[in-house]
Amino acid sequence: MIIRECKPEEWDNFVTGSPNGTLFSTSQWIGLFCKPYQIYGAYKNNELVGGIAGFIEEGQDTFKSWGSLTPFMGVLIKDTTGMNYPARCSLENEVATSLIEYLTREYRTIDITNHYTFTDIRPFLWNKFMPSVKYTYVLPLNDMEAVWFNIEKDTRYEINHAEKEGVEVETGTMREFLSVYNTMWKRKGMVSPQPDEFFLEMDRIIKPDILMVDSAVGTVMMHDNKRAYYILGASDAPNLSAYCLWEAIKQEYNNGIREIDFVGANNHDIALYKRGFGGQLTPYYEVKV
């Protein structure tokens, strides 16, 4: 297997077809950060069968396959439909091992967070990478009655109360959302993880779905060909947050989305809020050396 640099157009097509591929691995997303990055493809008989994208940091010494607002990028494998289980496992291991051999020659530090669909991290363990586990909530949207049934009591109460009060949820703009978002960070005595210019460019390129309640609560959803991602939320009216997110979930369902990744459940307070929507707690793995 040969590892070499992969052109963005070829890579983005591969991301779309890979079961591990997400919006976060595309050149469009990575390019938003104005940081050096590299895409490495794993080729077998001149076929792109796997690969990884990541940021280059610390004077070209570090390869980091995750980052700000980017929970995972990690190792991607081609669509293995039609392959039996041992063959799929073999391909995953071969791609991961080839990438490890290449990256450890090129970089002093390697830090990779894999998508939750890539669970076999043994090649990294066998090569003395240190593992850690992270979590997100994943909400299947095949049956909305089942989704509603699994919502926690307190969350359901907030949604029902807002509906009875006739609270209106409307499509918002990124600038409207940022007004609430930046206020939230100031209230916490902190700063936003990215400047406004980043989010405005994200809005132009990625075209997320934005819902607002009374210019006081906002929810931002992104999506690719596999699922939606609850990437941003902000509120000056906490009692309306659940209702805004619930309306965003229903909107994604109506748009044909059948899975929502809540993009992280590692912070205690944030995890408790997200748990209220009944998603499945799902682990994903970071490995670094």
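Biologist: Where does Asp214 lie in the fold?
Modeller: This is a predicted model: local features need pLDDT of at least 70, side-chain atom pairs count only at pLDDT 80 or more, and totals for chains, interfaces and linings use all residues. Residues are numbered from 1 along each chain as its sequence is written, and side-chain values use heavy atoms, without hydrogens or water. Helices (H or I, at least four residues) and strands (E, at least two) are DSSP runs numbered from the N terminus. On that basis, Asp214 sits in the loop between E9 and strand E10 (217-223).

Biologist: Is Asp214 buried or exposed?
Modeller: Buried means under 20% relative accessible area, exposed over 50%, and partly exposed in between (1.4 Å probe, protein chains only). Asp214 has 58% relative accessibility, so the label is exposed.

Biologist: What is the phi of Asp214?
Modeller: Most residues other than glycine have a negative phi. Asp214 is not glycine, yet its phi is positive, near 50°.

Biologist: And what is the phi of Lys207?
Modeller: Lys207 lies in the loop between helix H8 (196-206) and strand E9 (209-213). With a relative accessible area of 57%, Lys207 is exposed. Its phi is again a positive value in a residue other than glycine, near 55°.

Biologist: Which residues form the negative surface patch?
Modeller: Patch members have over 30% relative accessible area and no salt bridge; like charges are joined within 9 Å, and nonpolar side chains (Val, Leu, Ile, Met, Phe, Trp, Tyr) within 5 Å. A salt bridge is a side-chain nitrogen of Lys or Arg within 4 Å of a carboxyl oxygen of Asp or Glu. Glu170, in strand E8 (residues 170-171), is partly exposed at 49%. The patch is formed by Glu168, Glu170, Glu176 and Asp214.

Biologist: What about the area of the nonpolar surface patch?
Modeller: Tyr135, one of its members, is found in strand E7 (residues 130-140). Tyr135 is partly exposed, at 32% relative accessible area. Together, Val133, Tyr135 and Leu281 make a patch of about 260 Å².

Biologist: How far apart in space are Glu10 and Leu48, C-alpha to C-alpha?
Modeller: Glu10 belongs to helix H1 (residues 8-17). Beyond neighbours within four places in sequence, Glu10 is in contact (heavy atoms within 4.5 Å) with Tyr43 and Leu48. Glu10 and Leu48 are 38 residues apart in sequence, and their C-alpha separation is 8.8 Å.

Biologist: Which residues does Thr155 touch, leaving out those up to four places away in sequence?
Modeller: Thr155 is part of helix H6 (residues 153-164). Its relative accessibility is 11%, so Thr155 counts as buried. Its partners are Ala242, Gly276 and Phe277.

Definitions and conventions. Areas by Shrake-Rupley, 256 points an atom, 1.4 Å probe, with all protein chains shown as cover. Lys, Arg positive; Asp, Glu negative; His and termini not counted. Charge placed at Lys NZ, Arg CZ, Asp CG, Glu CD.
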